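Q: I would like to learn how to read a helical model, feature by feature. Could you take me through it?

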Amino acid sequence: MTLTERAENAVKMKLSGAYNCAQAVAVSLADQTNLTEEQLKQITAGFCAGMGNLEATCGALIGAGMIAGLKTEGNGTLKIAKQIQETFRERCGAIKCKDLKSMTDGKPLCPCEECVRNAVLIYGETMGL
């Protein structure tokens, strides 16, 4: 599966209503880990709506960071997470859910679907998928 296909699959999961943003990103990247899709879905269940409904860090970004930690086994993950966050901020305009969902001219700064898509794409670009 190409990186673009992974990203679109994550968007479909998010739009289905069966996955939150963190779950959609993590599950779409499940093959990067030793965990099952169901395990990843359970681990990321509480990280939607900005770090568990706090309107803080975007859940899609948290999902990508979690997968990076699993992929690197914690070695050098902070540097990778920072790179993913910086690129996400450049593309989406913010990293906090509250800011991403803030309305300008009747539209959010970056809709959830775009956050999910970008998180998968940025993870893949950063990790060389």
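Q: Let's start with a single residue. Where is Ala81 found, and is Ala81 buried or exposed?
A: Ala81 is found in helix α6; helices here are DSSP runs (H or I, at least four residues), numbered from the N terminus. Ala81 is buried, with a relative accessible area of 16%. Buried means under 20% relative accessible area, exposed over 50%, and partly exposed in between, with a 1.4 Å probe and protein chains only. Along the chain, Ala81 and Gly65 are 16 residues apart, while their C-alpha atoms are separated by 5.6 Å.

Q: Before we go on, what kind of model is this, and what is the average pLDDT of the protein chain?
A: This is a predicted model, in which local features need pLDDT of at least 70 and side-chain atom pairs count only at pLDDT 80 or more, whereas totals for chains, interfaces and linings use all residues. Residues are numbered from 1 along each chain as its sequence is written, and side-chain values use heavy atoms, with hydrogens and water left out. As for pLDDT, it is the predictor's confidence in each residue, from 0 to 100. The protein chain averages 95, and 100% of the residues score at least 70. Among the elements of the chain, helix α4 (residues 48-51) has the lowest mean pLDDT, 80, and α2 has the highest, 98.

Q: How do I read the packing of two helices, and at what angle do α5 and α6 cross?
A: Two packed helices are described by the angle between their axes and the distance between the axes. The axes are lines fitted to C-alpha atoms, for helices over the stretch in contact, and angles run from 0 to 180 degrees between N-to-C directions. Here the axes of α5 (residues 59-72) and α6 (residues 77-92) cross at roughly 155 degrees and come within 9 Å. The two helices are therefore roughly antiparallel to each other; angles under 35 degrees count as roughly parallel, over 145 as roughly antiparallel, 65 to 115 as roughly perpendicular and the rest as oblique. The crossing of α5 and α6 is right-handed, a word used if the near helix is turned clockwise from the far one by less than a right angle, with left-handed for anticlockwise.

Q: Which residues of α5 and α6 meet?
A: Contact means heavy atoms within 4.5 Å. On the α5 side are Leu61, Ala64, Gly65, Ala68, Gly69 and Thr72, and they meet Thr77, Ile80, Ile84, Gln85 and Phe88 of α6. By class, the residues of this contact of α5 with α6 are six nonpolar, five polar and no charged. Ala, Val, Leu, Ile, Met, Phe, Trp, Tyr, Cys and Pro count as nonpolar, Asp, Glu, Lys and Arg as charged, and the others, Gly among them, as polar.

Q: What is the phi of Glu73, and where is the place of Glu73?
A: Most residues other than glycine have a negative phi. Glu73 has a phi near 55 degrees, a positive value in a residue other than glycine. Glu73 sits in the loop between α5 and α6 and is exposed, with a relative accessible area of 67%.

Q: At what angle do α6 and α8 pack?
A: About 135 degrees, with their axes 10 Å apart. These two helices are therefore oblique to each other, and their crossing is right-handed. Among the residues that meet are Ile84, Phe88 and Arg91 in α6 and Asn118, Ala119 and Ile122 in α8. The contact of α6 with α8 has 10 nonpolar, four polar and two charged residues.

Q: Is Asn118 buried or exposed, and which residues does Asn118 touch?
A: Asn118, in helix α8 (residues 112-127), is buried, with a relative accessible area of 10%. Not counting residues up to four places away in sequence, Asn118 touches Phe88, Arg91, Cys92 and Cys110.

Q: At what angle do α2 and α8 pack?
A: Helix α2 (residues 21-28) packs with α8 at an angle of about 30 degrees, the axes being 10 Å apart. That makes α2 roughly parallel to α8. Cys21, Ala24, Val25 and Ser28 in α2 meet Val116, Ala119 and Val120 in α8. This contact of α2 with α8 divides into six nonpolar, one polar and no charged residues.
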